[in-house]
Amino acid sequence: MTVFRRCALTAVPFGVATAAYIGVFLASYDRLPGRIATHFSGGGGADGFTSRTAALWFGSGLLVGLGLLFTVLVLMSKESPGGRLTAAVGAGTAVTLGYPLVLTVLVNTDVQDPAEVRLPMWHMAVLLLAGAATATLAWWRTSGGPRSAPARPSPALLLTEGEAAAWSRTIISRALLIPAGVVTLSGLFAVTFGPWQAGLLPLLLGLTCAPFAGVRVTVDRRGVSVASTVLPRPRLALPLRSIVSASSVQVNAMGDFGGWGYRIRPNRRGVVLRSGEALSVRTAGGREYVVTVDDSTTAAALLNGLVNRHAEGA
């Protein structure tokens, strides 16, 4: 029931926003100029224009596409706590997009010259407040879902004094690699065949994300390190002296962390490249670090053995 409620609270605001935008647009279609003002400067004056047909298709497509995206993400997260945040963000996004789209149609209605259209900037405060209020309401109307059981530390691998041991695995995420490749190619295409300014941002974003779609996780006498398989920096390093215990856990990328990549949650950090098996490391400061990687049981056992040996020798 919780999943259904979260999906409904995500999809309904987008459905209402889409219906309102299309309804107002079609009702005012014959009263709109051929090109309508769709972008406004900080002073409220129009500085960007789009044809009526393109504006209708773009606005409705954006709302429908994002509505489907957020609903699928909520459905994928199932009843985990991360789904609650995704549902709230989705509902708030529907309002913060739907409000200005409908308002743009209204301010262009019965206007002869779209360059004369003005949109007072106080509407920005209204849409942000409305979006925040909607997100808060969606958060309140959904339960937090069942809490995952706390992970139990894995058995420690017995290590004698002076014995050397190390463990290392590489994981590559298609969930990050494929989108990064698509974004990079789209940016390269725009830079080559269109205005280079339009393609610069996606090109840089894709090139930045692609190296971190694959990481190498290493456990040795120094502790735990996680680094890109391509770039030496940045890297996550947890010194052995700061580690209390380690365990193998199961994680849901969307449900537990709200997505993929380097994730930050209260008292929890994660290098999450997929759902499934992960190494969980707890530090003396009370924080948990989670890294999705295969054979995490062996990594946790070795790390516990290294921690125990370090504590005995201290």
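This is a predicted model: local features need pLDDT of at least 70, side-chain atom pairs count only at pLDDT 80 or more; totals for chains, interfaces and linings use all residues.
Let's start with helix H4, which runs over residues 122–141. With 20 residues at 1.5 Å a residue, H4 should span 28 Å, and its end C-alpha atoms are 29 Å apart, which agrees. Now look at how H4 is covered. His-123, Leu-127, Gly-131, Ala-135 and Ala-138 are buried. They cover an arc of only 105 degrees around the axis, which puts them on the same side of H4. The spacing makes sense if you recall that an α-helix has 3.6 residues a turn, so residues three or four places apart point the same way. Turn to the other side of H4 and you find Trp-122, Leu-129, Thr-136 and Trp-140, which are exposed. So H4 has a buried side with His-123, Leu-127, Gly-131, Ala-135 and Ala-138, and another side where Trp-122, Leu-129, Thr-136 and Trp-140 are exposed.

Next, a bit of the surface. Leu-85, Val-89 and Trp-139 make a nonpolar patch of about 250 Å². Leu-85 belongs to helix H3, which covers residues 81–108. Its relative accessibility is 38%, so Leu-85 counts as partly exposed.

Strand S9 takes in residues 268–272 and is mostly covered, with five of its five residues buried. Which residues lie on each face of S9? Arg-268, Gly-270 and Val-272 sit on one side, and Arg-269 and Val-271 on the other; all are buried, and both faces are covered.

S9 has two partners to look at. One is strand S8, residues 261–265, which pairs with S9 in the antiparallel sense over five bridges.

Most residues other than glycine have a negative phi. Asn-267 has a positive phi of about 60 degrees although it is not a glycine. This residue is found in the loop between S8 and S9, and at 55% relative accessibility Asn-267 counts as exposed.

Asp-295 is another case: it has a positive phi of about 60 degrees and is not a glycine either. You'll find Asp-295 in the loop between S11 and H8. At 26% relative accessibility, Asp-295 counts as partly exposed.

Now for the charges. The count comes to six salt bridges, taking a Lys or Arg side-chain nitrogen within 4 Å of an Asp or Glu carboxyl oxygen. One of them joins the side chains of Arg-268 and Glu-288, at 2.9 Å from N to O. This pair links distant parts of the chain: Arg-268 is in strand S9 and Glu-288 in strand S11, 20 residues apart.

At 37% relative accessibility, Arg-282 counts as partly exposed. Put together, Arg-268, Arg-282 and Glu-288 are linked in a network of salt bridges.

One more salt bridge to find is that between the side chains of Asp-294 and Arg-274, at 2.8 Å from N to O. This pair also links distant parts of the chain, 20 residues apart: Asp-294 is in the loop between S11 and helix H8 (296–313), and Arg-274 in the loop between S9 and strand S10 (276–283). Asp-294 is partly exposed, with a relative accessible area of 45%, and Arg-274 counts as partly exposed at 21% relative accessibility.

Notes: Residues are numbered from 1 along each chain as its sequence is written. Side-chain values use heavy atoms; hydrogens and water are left out. Helices (H or I, at least four residues) and strands (E, at least two) are DSSP runs, numbered from the N terminus. The expected span of a helix is 1.5 Å times one less than its number of residues. Buried means under 20% relative accessible area, exposed over 50%, partly exposed in between (1.4 Å probe, protein chains only). The arc is that of the directions from the helix axis to the C-beta atoms. Patches are made of residues with over 30% relative accessible area and no salt bridge: like charges are joined within 9 Å, nonpolar side chains (Val, Leu, Ile, Met, Phe, Trp, Tyr) within 5 Å. Accessible areas come from the Shrake-Rupley method with a 1.4 Å probe; for residues, only the protein chains shown count as cover. Two strands pair if DSSP finds at least two bridges between them.
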